[in-house]
Amino acid sequence: MWCKSPGFQAVKPLVSDVSTEKEEERHLYISDSFFRLAWYAVIPLLRNSPERDPQTVRIWIIDPDRADEAEIKNTAMMPSVYFRYLTKCLFIGGEFAVIELSSFPQTSQSYFTNQGFWEARLLGVHEYHHFHITSQSVSFHGRSVASSQHVFFRTFPEKPHDDKNVSLCLPTGSQMSIVWGACTPHRALLLSDKGTFITKNAFLTYEEIKVDPGELLMPAEGYYVVFDAVLLENGSIFRIGDALFWRDNEDGKLRKNPIKLPGEGVKGLSFRTQCADYYPLLGFELATVLAWTDHELYKGGKALDWKTNSNYMSNILSLPKTTKILTAAFGSHPASFGALVMYTDSVQLSLLTCYETEGIWKTRTLLSTNVLQGPFQMLFVNAALETLLVWNKDTMLYSLHNDSEWRYLRIMDSSNISQEASGSHIHHVVMDRSRNMLVKMENNVLFFCKFGMNKLFRLPTWNDPGHSVVLYLNQKEQIIMLTMLDGGLHVQKYPLQMEIRSAMQGEVHSCPFIGFTHNMNRPVYYIDKEEAIEFWVQIVYHEGKNINVTLSRNKDHVLQITERTHFESVRHLDTTNKTFTIYQDADYRDMTNNSDLIIKKSRNSSDIVTMELLPTHIDYSCNLPKNQISHFFVGCPPNRHIRVIKPQRIPCKMHIFDSYTIPGFVLRNSSKDLTVFYDWKSFGCVLRIHYKDEFRPDIELYDGETFVRSVDANFIVWENFNRKDYYFNATMHQVACLHEAQTWTSMLVDEKHPEEAWGPHNYRSCFVDDSEKLGNLDQPYEIMNRSSMNFLTFSRENSAIYVFYVKIVDPNYSFCDLRAVFAVQTYGIPDVDQLLPLYMLLSQCVITLIILCISFYGYTFIYRDMLQKKCV
């Protein structure tokens, strides 16, 4: 749509039939932008092309005004001549494609080909790719390329049904319901009274799923009546009657087993609404499913293995008969969930919250006065401080900041939403990550609210009251309206922002700020010891508005935060820039009395802090970033490790030998020769060192393959095969120890293994005066660091191969167990076998010289004797 000027434009349909009900006029907001070019992306294999692989994406630039049908439908495999020219011109001008993956915080590098497009290899699973394309702004004839997001699916159909398969339907006349994966929103399960449907590509396609009754009784209706369902990785769980049943994706059979799933009394099912795959827990799986009876609450994981004898669901809460569970949901914090309960003797509502990793429950009163009557539903909003939304058929209320404030959602001056929707009841609620909330009524009336505001706005009507409609939030955070018609399911994108602006046209509401941006855009940040994370936030607003930015967090004691603020005011516009530095300042040297404390602390859920960044004032028309909440994990970052780097002058050769022999007289624990088979994969290449050189390992810290920094902390080494013919060149006295330092002799007591005998958990510095005895300071000092005068020296009698392990022992350096292995081969000592010929030659020469001397003196003696005798 082209308009002469930006701003609101009145849009209404041309209706020629006067008997047709007049549709509501819309106020469409048209903005003026120089981003008029677009990124085009295609994965050839996913477009039935035999070339390339499912991980390679092609990218070029198109002009939507000149795009042909193939490019509009995203079926083009190669750029047209004009778009190849356009892409090359922008590439020459400095344009490049940056691919930011949505599944995890990582970018994928692209390269430009001579065919006029970029190519990049995507990470992740082959079946689903979701990424953003961004770049620097390069102008071409006054136009630039807008950032965009792209999704590709590679779906496989369900197995064909046979005559035995039976449908799964809601009770006749029920409103449709839908559930989708929190981490895989493109996979969704739609329940209706006409059947149950599954999609694997965000309803681009869908199909009905049926079940094989197997050994179960065939229902009299000819189909199973379901009430709730959840979608797992390898199947689905259905609530049929008051029992839970399992349908496996492989065989489609419906199964019931009270050992696996509760078999009676089940009142409801709840599925995780926030993705927890990003949450940094080591060796612990958070719950994905909740089920409850009147007095018991159960939890289950994200996959069910029906073949094993183990339970899938575990009982986590049992209440007395005087207490009834009304509903349950997963909490604002990924490791928490809550149950809304009612005490029947006092008719009081309370919220029981469980913090899963800590195994503790907390109880809070929902309201001081009981004004709500069930049945209830609830939704925890993703937030740093627990935020809860509760509703029944007619009324909605919510709590902010750990129940510090309760509010009713109102329409005008009434908290009864049904009265404003012609008596219809609340059907369901959808909220995106920008906190736009839609409340859908059973008669398809829609209300909107920016969560945190207490007034609901009615949005224009889209469907007749008699249609069965449900709202779905896809992987792009777009609202999809699903309508069940006689001809099948009608799928339509709902233009939320357009309808919000249109509904508010003429209202006094306006966003108090002009722009709100920040760079806290990763789901998880890892903070190791002695590290800090810095991020910024900027908010721009009209002069005198007095807007600020707040950083909310839980667990205030875990992390320290320093804040710097810079304020500018130019031409009646104020700008506030804030920089936050987040760090932890615990001194772990005082904690080493407990040998397991440091390791436990790196895996303790109490060291995960959730932070939320928001303006102090928002309004219904404000656009908030999708990423405004992050988790800060004080512990060991995944894939963090150390490497011993090879000096530039030392060549590295692989597989130059398969085994070698260590003489028994150089071993600590044996007198027999030891044959070692060298593991090249584990030990790596050997560092060849001249036997006269002093050697100190240079260590670097890495996150995966990314270099972090050079290691300057204290470390220890030990030889893997117990050689003792290597030495430390400095003594404790020479390095200025204040008392006797730790040594391998003192640490290897009680037959401890070197791997566990000495480390950050029990390290003691000899440079700290702890009033111990002076001890023997003439012993070798067996601890090294990057700047110390301590080195390793090797045997001067025999060239040898040493396999060393190195370990960081500084308790303040890292939560990770940082150790590595490296091998050293000395050279330069002449072998005895090479000197043997020389020794033999010298021996022969000496013997010959002796013989000649003896012969000479013998001949001289005889000659002199002959001269003394007279001739006869």
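The link between cysteine 737 and cysteine 766 is left-handed, with -55 degrees about the S-S bond. Cysteine 737 sits in the loop between β57 (726–728) and α6 (744–747), and cysteine 766 in the loop between α7 (754–757) and β58 (792–794), so this pair ties together parts that are 29 residues apart in sequence. The S to S distance here is 2.0 Å, and a pair counts as a disulfide when its cysteine sulfur atoms are within 2.5 Å. Helices (H or I, at least four residues) and strands (E, at least two) are DSSP runs, numbered from the N terminus.

A quick word on what you're looking at. This is a predicted model, where local features need pLDDT of at least 70, side-chain atom pairs count only at pLDDT 80 or more, and totals for chains, interfaces and linings use all residues. Residues are numbered from 1 along each chain as its sequence is written, and side-chain values use heavy atoms, with hydrogens and water left out.

Back to the cysteines: the structure has four disulfides. One of them joins cysteine 511 and cysteine 622, with the sulfur atoms 2.1 Å apart. The torsion about that S-S bond is about 105 degrees, so this disulfide is right-handed. It links distant parts of the chain, 111 residues apart: cysteine 511 is in the loop between α3 and β41 (513–518), and cysteine 622 is in the loop between β47 (608–615) and β48 (629–634). Both cysteine 511 and cysteine 622 are buried, where buried means under 20% relative accessible area, exposed over 50%, and partly exposed in between (1.4 Å probe, protein chains only).

Cysteine 845 is partly exposed, at a relative accessible area of 45%.

Now to helix α3 (residues 496–504), where Leu496, Glu499, Ile500, Ser502 and Met504 are buried. These buried residues pack against several strands, including β2 (26–30), β35 (436–441) and β40 (488–494); contact here means heavy atoms within 4.5 Å.

Last stop, a sheet. Four strands make an open, antiparallel sheet in the order β26-β27-β28-β29, with two strands pairing if DSSP finds at least two bridges between them. β26 (323–330) and β29 (360–365) are at the edges with a single partner strand each, so one side of each has no neighbour in the sheet. Between β26 and β27 (residues 336–343) there are seven bridges, and lysine 324 has methionine 342 in β27 as its bridge partner.
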